[in-house]
Each structure stands twice: as C-alpha cells, then as structure tokens.
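Look over the sequence and structure first.

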Amino acid sequence: MRLHAALESPLVVASNRGPVSFRRNDDGELIGERGSGGLVTALAGVLFESDATWLSAAMTEGDQAIAASGRPIDVSPAGRAAFVDVPQDRYDGFYNGISNRVLWQLYHYLFDLSYLPTWDEETRRIWDDYREVNRLFAQALELHHDRHPVYLVQDYQLSMVPRFLRELQPNARIAHFTHTPFAAPAYMRVLPGSIRDELLRGLLGADVLGFQAELWAENFLMSVRDALPDVHVDLRGRRVRVGDRTVLVRTYPVSLDPGPLRATARSAEVRAIGGEIETRRGDMKLLLRVDRLELSKNVLRGFQAFESFLNDRPDWHGRVRFLALLPTSRTDIPEYRDYGRRCLEAVDAINAKFGDVNWQPIEIHTEENYQRAVAAYGLYDVLLVNPIFDGMNLVSMEGPLVNRRHGALVLSRNAGAFARLGRHAIAVNPFDVAETAAAIAEALDMPEEERVRRARGLTRAVLTRNPVRWLTAQLRDLDVVATMGPEPSQGSQDLEESGRAFH
C-alpha cells in the first residue's frame, strides 16, 4: 500500500504529560483543562490545529475513564486526546525514578560524581518500570496503525518507545524529539552500560531523531559511535545505519507562536497584575527571572550573582528590585526540596543584608501563576536566564516577545536558545557568579540606544522560527528517509575528518 506523504498523514503524538487533562464536574461531565509546561506551550497550538491525536499518561480519574473507554476525546479546535493508564507503582519508578532522578540529572550534567550516582538493584528495578511504561505507550500508539499515521514521540521520558513501536509495526513512520540537552559520550558512560545501550537502541527505533541544538545532536551521534560498535554512524551526513534502516539525526529548534502569548498579555487580568507590579516597583528598575525552582535552572547562582552585584554597586541600592517567579517543582524528590530550601534561605539572607523598611531587594513567588509571569514579561528592564544546561529555554523567547521596556537579556551560553539569541543578549558562563554579576550591571547601565537595538534583534530572532516550521521540517525528513535505498552510507567519518567540533 502506498502511504500518503508525511505532510498529508494523520499525526499521533505521545508525551508523558499532555496538553489537556480531564475531570468530572458536578453533573458528571468530563471537563478539559489545559496543561502547562514548555512542551505544551510550544506545540499544543500547531498540533491541535492539525489532524492529530495526542496520547499521554492518565493523571486524573477523568483521564483514566477516557483511557478505559479505548476511544480518544475531541479537543478544540481540531485534535483529539487519548490516555495511557499506567499502574501507579510502575509510574513512580518510570517518572520519579528514572526520568527525573537519572535521565534529567544526566542530560543536564547535575550529578556530583564524587559521590553520586551509585547504581544498585533498585536502579535495575526502576529501569524495569521505565521500560514497561515505554512499552505500554508503544502498545497504545500501535492501536492507531490502521490510519497509517505519522508517530511523533516526545522527549526523554519516552526514549524506548520508538524501538518497541518498531517491533510492533516494522513499517511505522516514527519521529522522536528530545526537548532536553543530550549528554556527551564521556558523561553517558556514567550510566550502567546495559542501560545506556538500551536507551540508545530505543531511540534508534525512530526514522528521524530531533534535537534542539547542534551540540545535543552531535553528542547523541558520538555516544552511539562510542557505545554501539555494530551500528554505523556517519558523522558528516548526520545519519545512523541500523541494519537495513537509516536514521536521520537532525536539529529542529522549537519556537513559539506569538499570537496566544500576546493575546494573554493584552488580557484584563494580566493588565491588572501588571499595574500591581508597577506600583510595587515604583521608579526602580526591574530584574526578572521566570523559572521552575529546580536544579538545572541554576537559581541559586543567580541569587548569588545578584548579591555580588549589590556588594559591588552600592549606587544601585534602592534602585532595583529582583522579581523571581519560581513555581516549585518535583517536591517529592529530596534533592529538589533541599535545593528549593537553599534558594529561599539565600533570598532571606540577601534581603536581611541589604534591605530596609523602604526596600526589599528580592521579591519571590513560588506558586504557579502564568498570568503574573506574562505581566512581568511586559515590564522587566533585565531578564536573567542562566541555566546550567537547557535544551532550548522558552522563557528567553517569551520575554522579548511581549516586553515593552526594551529589556536586556542575560543569557547562559549553555541554553539551546543561545545559538539563536546570543548575539543580541549579554552572554554568561552559568557557573561564573562574578561574570553574571557584571552582566547584570552591564544590562542595568546599558544606554537606551543599545537597549533598543538589542531588544529589536531579540524579537526578530525569535520570530524567524515558529512551531509550524518545527513540525514541517520533521515531516519532510520522514519523507526523505522513505526514499533512501538499502545501501549503507559511505564509510564512517572519523572525528577529525568530519570537519566539526564535537563535545
């Protein structure tokens, strides 16, 4: 049977958390509520305007009811939602165990290798949970095969789905996209060899593998070459030969649809919150950060840099306020609870050291409030984005799109967004507190003409890409793979021959 081109085919998307979750109202009707998070922010609009069915783990009783029915539920404007009912004991090992405490830590280089991690029998047990949940997702996806869809599998939680789905449907068209960084080969060796190899082979079940930035794609290719001697890696061609299949490894930077964000910024609720922020700010400058309060975002060093700035620049005392919007994250994991506590203690110490009855240097909010974040985006003079490592970082793009004060961006060189925005931002090494303090000073002291030039450059850079382009590029590459012959590519390229710098 001749399949339609990928661009003309129905889409079936899979992610751990989906764009909508359901609960029952007082009348017993299922009511959908929009999900949150970077993945949903970036992709829900473009995918739900297409012929797309989105599968995610059932998080509520309403989700579980839909999963038990075996039928998707319509979601406006044009998509459908379906759910995978994962046993709770399996989900905990899959999500809190492997996804959050192993893979997230690994891909963001967060392990303190002097004493963590230590692998043991518990590691193997939760890896079994991870494997089994990925298998459940693959089985749920396979139920849609009669429509001959394109499968779009999202992120590091579902790295083994492509292989399991390939085993069920050898001719399936599968793309997998990793929204996080991907670790370099030497760091990947921290994993037990069997787990590392299984993870890589799981991803290689796809036809197209997408990453946010060139460095993450390069790290994947080098990790495969390092770990899997039976697999043919063509570094220059950015492809991997697995048996008689070719896997393309490509970069598809995620971006934003500016329409919904700007509509939110114009809403009455956001304008009212903005008025409150303006009142508290008075004639002071506003330094802003918007992040989840978690390890990879480097929140603590950001506060330390602000403290260093205040030490060095007493002329700014009483003239700047740091607004930190930091919803708590993964509080059931001890490392995250401890990190959050240390950040809050740092805020208290800085406010006690520098503040007085008329000025509190740092104002922090740890509850989820998207409207407050959008209101603050419109008003900042400096936006601080200093992650240790980040796959892309949507905050660095959201802020410039709605900011009304020609705000400056202080941006980590280790954020995937740096490749697009770096020339218009003030670059920092996220580990260098002194450099970050100097960058805050530079941003606050920046002449208005330069602020305008940089702010316009940021906006133009964000708008050069959009979610439709992100999706279309992957679908076109799926069609490219379908036209490739059975012969392996010409000789594997050595690192020195590839003409690229791999890390």
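**Pocket, cavity and cores**

α3 gives the largest share of the lining of the second largest pocket, seven residues. This is a predicted model, where local features need pLDDT of at least 70, side-chain atom pairs count only at pLDDT 80 or more, and totals for chains, interfaces and linings use all residues. Residues are numbered from 1 along each chain as its sequence is written, and side-chain values use heavy atoms, without hydrogens and water.

**Second largest pocket**
- A pocket is an open set of points on a 1 Å grid over the protein atoms alone, with protein on both sides within 12 Å along at least five of seven lines; lining residues have an atom within 4 Å of a point.
- Its space is about 1000 Å³.
- Among the 36 lining residues, Gln105, Leu110, Leu116, Leu295 and Glu335 lie nearest the centre.
- α3 (88-107), α4 (121-142), α11 (299-312) and α12 (334-354) each supply at least two lining residues.

**Largest cavity**
- A cavity is a set of grid points where a 1.4 Å probe fits but cannot get out.
- The largest cavity holds about 30 Å³ of space.
- Its lining is Ile277, Arg280, Arg281, Leu286, Arg321, Leu323 and Glu363.
- α10 gives the most to this lining, with three residues.

**Nonpolar cores**
- A nonpolar core joins buried (under 20% relative accessible area, 1.4 Å probe, protein chains only) Ala, Val, Leu, Ile, Met, Phe, Trp, Tyr and Cys residues through side-chain atoms within 4.5 Å.
- The largest has 107 residues, and Phe220, Phe303 and Phe309 have the most contacts inside it.
- A second, separate core of 53 residues includes Leu325, Val374, Met392 and Leu471.

Methods: Buried < 20%, exposed > 50% of the residue type's maximum accessible area, 1.4 Å probe, protein only. Points joined across faces, edges and corners; volume = space filled by probe spheres on them. Helix = DSSP H or I, 4+ residues; strand = E, 2+ residues; numbered from the N terminus.
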